[in-house]
Amino acid sequence: MPSAIQPDGTSLPHDDRGDAPQAHVHWTTRPAPSFEQRRAIAKARERLFGVPSALCIGRFRVERRLGEGGMGEVYLAIDEALERKVAVKRVLASGDEGGGQQQDRLRHEARALAKLSHPNVVHVYETGEHEGRTFLAMEYVDGQTLTDWLAHEPRSWREILERFIAAGRGLAAAHQAGIVHRDFKPDNVLIGTDGSVRVADFGLALADDEQQTTEGPGAFDIESRLTRTGAVLGTIRYMPLEQLRGGRVDERSDQFAFCVALYEALYGCAPFELSSARGRLLTLERQRPLEPRGRAPASVWRVIRRGLARDPADRWPDLNALLDALVGRRRALIRGGLIGTAAAVAGAVLWLGTGEPGAFERLCDEGETLAGIWDEPRRQAVAARFDRTNFAHAPGSRDRVLANFDDFATQWSEQRQQLCTADEIEPRRPAIARARSLCLSVGRLRLDMLVGLLLEEPDHAADETTLAGAVVASHELEDPGRCANERQVIILAPPPAIEAQAQALHVDILRLHDLRMLGRPDRASELVEPTIARADVLGHTPLVAAAFSERATLAFELDAVTPGVPLFVTAITLAELSRNDYLVANLRRLAATHVAREMGDPRMAHDQLKIAQSTWDRVGAGPRDLARMAHVRSLVVALGGGRPEPALLAGLDALQGAAAPERATLHGALADALQASEPARALEHGALAVSAATDVWGPEHPRTRDFREKLESMRHSSTSSWTPAPR
Amino acid sequence: MTPDWQLDATLLEAWRAGDADAGSRVFERHAEAVARFFENKLRDGSEDLIQVTFLRMVEGRERIREGIVFRAFILGIARNVFREHLRKLVKGREVDPEVDTMSSLVPGPSTMVGRSREQRLLLEGLRQLPMGYQTALELYYWEELDARQIADIMDVSHSAMRSRLVKARELLRDAMAKIAESHELLASTLDGLERWASELRHRVNNE
């Protein structure tokens, strides 16, 4: 019998079923001619025999196929009555069996769409039935999809944001009309040749979800569901968890999809890993979106991140709120940040008028990063600067300078990240955000300035000192963490009207400091009077105080006698006036040192020390501040005839094992203090001082050499003094 | 020769002599098969290839040899048209029908919409086969041609075509197994395919 059923003589396996039942074949192997096939045939017939194609969907004559997706085919057709082109989509229910319920819902949605008119939504002209299927006749948009637009050439984040905000407006308008898109993705956003942005294909994914609910939650199997509905990874990549689970889908699901698409467009990668349908589900259940890297503003990321929340309740209340956050953060910043003095209001008006970004935006949105300031090329240039010399300390100094700059850069970047990705902009927050931004911005400019000083053409006579000083200076960069001290940064922030000048001046004042650290007080002296003059003219008290403080400190260092005193008094007064507690505390400490060392007045020194201490208590002293204070206290105690060791040991405790220049100084002071009474302990501390100095400055650094020589001489005699003058 | 063959041959002669009505009738008799031949291989533009196929048939001088099924004749032309189109599509790259698959040459969905799950699986499975195998199977299942007729279209020997069909079915089963969402779907698709083939053979045999 098998041969009888194989008239062609082939002996195909499995064909030899002579007893094959004549049962009804429940599906037809040969595919029935599809609509597209019929269209192609009609078109070929028209060309061969001149018979005009009569293939129509409703009253629209079909021209050619525009595209095809999971939900149906789209044809370019002609509306002959109105003589215009239309895009006609034949919408499919799942599989062959378009259930009545789905079709009803689809018709309902289609009618709602037809009522919706918005510049960012592809207009649905009419809907109807064709061969048992719902069709939609829509506005024909001559252009490209957002996907194509993004792929065509590199786009700036501003351009991208602009397109997405426009698309978002369309989406939001649909939401207000009670329509959920359910399948928002760049493929469904059309960019016209006129630049218009329109969202298409609303609500048409509905039919898929409808079917799921009939199977009940127990029948849930994500992979088969996704396959059956024709969804592929390209579609699930935009779906939120609730949609993947087959749960309730609403406007907030669109918001999630919108944010995934925007994230991908801005950062060039997916916010969640995308391996398989099941893998994606697990990822969404467990993970937060990946922190993006890219030029796009951190404040934009903050907005997107909320839209990507796993729980719909944690997303933005609606899409308009999200869009307002994307558009309106600049306005919010102005409203909240600049209310105060008349100058501030004037600044706000100016800002509004020009649309200039504020400090926060410059820092967070416009790529104010350490690129070009402390990056690989700059790092190599600094390294080369040391390597070109043959000073014994150069290799050790180089390594420490690089490491300290690296540390600063890391902390600075962390602070920036923390500030820029902070969650909320409360009414009062923008002022603080601005002040913190300005603080970080100064830190950045200061690093740039210091690196610049190092890379200057070397002054050969002083070069060894400069490079040794670089290590000292690199230890004295202000901790970027201080920019998180809200009270302080608010006090120091200049009014917007003088913001730019104030920042430049601030960096110049810091230049005086850094030149002093680099062992070039001579150069600082030349610059100090013009700097003071500029500060006076600008009149921003915290900066006047800082300039006077530098002048006093410089005088103290160059000529440590009487001229320093009135300068200190002025500087302290200004610092207190400007409520700059850090500065007050530091100046009081220096004053106590000065008075104890040079004037030998224990009572006055003690008073200064007490005020410095209470100021530090208020502002919060770090380990190094405490260590320095302890050192001064030991001087004051010794001056009054007491034992300095307890204070010095307390200072070492305060350092908590951290490698800091103060460790060397304190051990040195202890060696000094114990030299007469307990020579063995003194030698121990002397050795610890050398080891600490080696740590922070390097083995061949001049400061370390000083400690080592003193240790040597202490081993032979008992007369030399240990303690280098504290700053 | 069958009356069908006689009719097709006569109509073609008339069309070649300028009778558009006769041409129109030939077209209506075979356009669907030609369209089907292209459909699962191309995303767009099959109307062009349909047109070229019929034009080439009418402009050709070649007489249909007796013993050649008319459908095999026209599908042979369609195959040539398709191969030329493909060469343009891949911009001069050599296409090896024994190796290259349509899913790799023309990625993206074909006209899958509106089909049953089994049909979608079958269509996608076919697209995963090297072209020569895909074409052979489609002709075998859909155009109801036998191995000898398919061999004529594809310019291979009868025996080579027989072993190729065996191989093609193995490949198809493997390809579908890889992409099937469930074992049940694969089973029902394969079962349907075999029953179809079997029923077909019965019918032909009983005629």
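Colleague: What is the strand order in the open sheet of three strands in chain A, and how do the strands pair?
Modeller: The order of that open sheet is β7-β8-β9 of chain A, and the pairing is antiparallel; strands here are DSSP runs of E with at least two residues, helices are runs of H or I with at least four, both numbered from the N terminus, and two strands pair if DSSP finds at least two bridges between them. This is a predicted model, in which local features need pLDDT of at least 70 and side-chain atom pairs count only at pLDDT 80 or more, while totals for chains, interfaces and linings use all residues. Residues are numbered from 1 along each chain as its sequence is written, chains are lettered from A and ligands numbered from 1 in the order in which they are written, and side-chain values use heavy atoms, with hydrogens and water left out.

Colleague: How many bridges join β7(A) to β8(A)?
Modeller: Three bridges join β7 (residues 143–145) to β8 (residues 189–192), the two strands running antiparallel. A:Gly143 stands opposite A:Gly192, and A:Gln144 has A:Ile191 as its bridge partner in β8(A).

Colleague: Where is A:Glu83, and is A:Glu83 buried or exposed?
Modeller: A:Glu83 lies in the loop between β3 (72–79) and β4 (84–91) of chain A, and A:Glu83 is exposed at a relative accessible area of 72%; buried means under 20%, exposed over 50% and partly exposed in between, with a 1.4 Å probe and protein chains only. Phi of A:Glu83 is near 50°, a positive value in a residue other than glycine.

Colleague: What about phi of B:Asp155?
Modeller: Phi of B:Asp155 is near 60°, again positive in a residue other than glycine. B:Asp155 sits in the loop between α8 (147–153) and α9 (158–179) of chain B, and B:Asp155 counts as exposed at 63% relative accessibility.

Colleague: Switching to helices, at what angle do α2(B) and α3(B) pack?
Modeller: Helix α2 (residues 20–39) and helix α3 (residues 46–59) of chain B pack at an angle of about 130°, with their axes 10 Å apart. That makes α2(B) oblique to α3(B), given that angles under 35 degrees count as roughly parallel, over 145 as roughly antiparallel, 65 to 115 as roughly perpendicular and the rest as oblique. The contact includes B:Phe27, B:His30 and B:Phe38 of α2(B) and B:Leu49, B:Ile50 and B:Phe54 of α3(B).

Colleague: Is B:Asn40 buried or exposed?
Modeller: B:Asn40, in the loop between α2 and α3 of chain B, counts as buried at 3% relative accessibility. The C-alpha atoms of B:Asn40 and B:Thr135 are separated by 9.7 Å, although these residues are 95 residues apart along the chain.

Colleague: Back in chain A, how many residues of α22(A) are buried?
Modeller: 15 of the 18 residues of α22(A) are buried, so this helix is largely enclosed by the rest of the structure. The 18 residues of α22(A) (residues 541–558) should span 26 Å at 1.5 Å a residue, and the end C-alpha atoms are 26 Å apart, which agrees; the expected span is 1.5 Å times one less than the number of residues.

Colleague: Last one, what does A:Asp625 touch?
Modeller: Leaving out residues up to four places away in sequence, A:Asp625 touches A:Arg482 and A:Trp616. A:Asp625 belongs to helix α26 (residues 623–639) of chain A and is buried, with a relative accessible area of 13%.

Conventions: Contact = heavy atoms within 4.5 Å. Axes fitted to C-alpha atoms, helices over the stretch in contact; angles between N-to-C directions.
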